Amino acid sequence: MTTLATQDVDPAASGGGAVGLHPVRRRHRRRLTGTLTPWLFLAPALLIFLLFKYIPMAEGIRLSLFNVRPFLGDLWVGLDNYIAVLTDERFQSALGRTLILAFGQTVGSMVLGFALALLLEGSARSLWFVRSAVFLPVVAATAVVGEIWRLLYFPADEGFLNSVLAWFGIGAQPFLDSPDTALWSVMGVGIWKGAPYDMVIILAGLAGIDRQLYESSAIDGATTLQRLRHVTLPALRPVITILLTLAAIRGLRVFTEVYVLTGGGPAGSTDVWMTRVFSLGFERNELGVASAGSVILFLVTLLLTLLVQYYRRRKEAV
């Protein structure tokens with residue numbers, strides 16, 4: 001009887017009259033604690049995401065299926081809001097401008113970010129200050145950046161950029177005040193703000209390249225451009241894939257800089273997808289149609305992300 005009674009007691013864990021846990025139970029408790037501990041640390045962030053992102057997202061999807069009438073009750077319309085968005089000529093025009101802006105900002109910020117990364121690559125102590133200074137546009141509020149550039153783009157002769165152009169004998173440019181130049185001016189601001197972000201990611205990719213590859217190619221007589229083409233760019237392929245995804249999504253969802261700089265004008269020349277959604281939702285009170293436009297943009301960005309990830313995995317498998 002004494003032997004049977006003491007089989008579930010761990011002599012090493014018992015002490016002071018207390019009965020220890022069975023080794024299997026202790027392992028189970030440790031495993032449970034190890035599983036729950038990370039989630040306890042993540043719980044505050046997950047709660048914030050739930051309240052301010054996922055619940056509003058679900059509500060936006062719900063509203064996209066209704067004719068929203070505040071204080072009167074919503075009317076079910078099904079997919080009519082989506083049809084209205086896809087057949088609206090102003091939305092179609094906004095889509096074209098959004099794609100142009102997204103493509104220009106994506107390519108421009110990646111090229112400029114790559115050039116900055118090559119210039120600032122290295123382990124010198126003084127580079128940390130230059131990198132921090134270059135990275136400042138990323139951490140600055142987009143609305144503040146837009147206001148600063150709106151002042152720089154002042155179209156009169158005494159405007160800052162026009163004063164600089166005058167040194168080179170170039171006349172004053174209208175920048176944001178002309179339908180012909182407004183979209184390109186907004187694109188320039190997006191490139192200026194996005195390039196430092198791309199630079200940091202590219203710098204991380206450059207740090208992972210084996211330096212012996214450069215030495216071997218130099219011994220074989222490869223020029224700097226050849227080393228850049230045949231060593232650096234292939235090694236940065238995963239980084240470029242990530243940047244393409246992030247920059248494309250950033251370009252498709254562009255809103256703040258457009259709204260601050262031009263508000264969609266002049267004459268609708270910078271009216272992109274998100275400014276059109278904002279106008280419908282908060283100026284014309286067509287919340288159902290605006291929600292449908294937001295859901296369509298979400299689906300497009302999700303599809304783009306999945307396609308890029310699928311392409312990357314296929315390349316890695318080959």
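Which hand does the crossing of α5 and α8 have? The crossing is left-handed, meaning that the near helix is turned anticlockwise from the far one by less than a right angle. This is a predicted model, in which local features need pLDDT of at least 70, side-chain atom pairs count only at pLDDT 80 or more, and totals for chains, interfaces and linings use all residues. Residues are numbered from 1 along each chain as its sequence is written, and side-chain values use heavy atoms, with hydrogens and water left out.

**Packing of α5 and α8**
- Helix α5 covers residues 127-139 and helix α8 residues 182-207; their axes lie 6 Å apart at an angle of about 130° (axes are lines fitted to C-alpha atoms over the stretch in contact, and angles run from 0 to 180 degrees between N-to-C directions).
- That angle makes α5 oblique to α8 (under 35 degrees is roughly parallel, over 145 roughly antiparallel, 65 to 115 roughly perpendicular, and the rest oblique).
- From α5, Arg131, Val134, Phe135, Pro137 and Val138 meet residues of α8 including Trp192, Lys193 and Leu203 (contact means heavy atoms within 4.5 Å).

**Whole chain**
- The chain holds 14 helices and two strands (DSSP runs, numbered from the N terminus: H or I of at least four residues for helices, E of at least two for strands).
- Along its principal axes the C-alpha trace spans about 105 × 75 × 40 Å.

**Spans by residue number**
- Residues 182-209 are 93% helix and 0% strand, with end C-alpha atoms 40 Å apart.
- Residues 287-308 are 100% helix and 0% strand, and their end C-alpha atoms are 32 Å apart.
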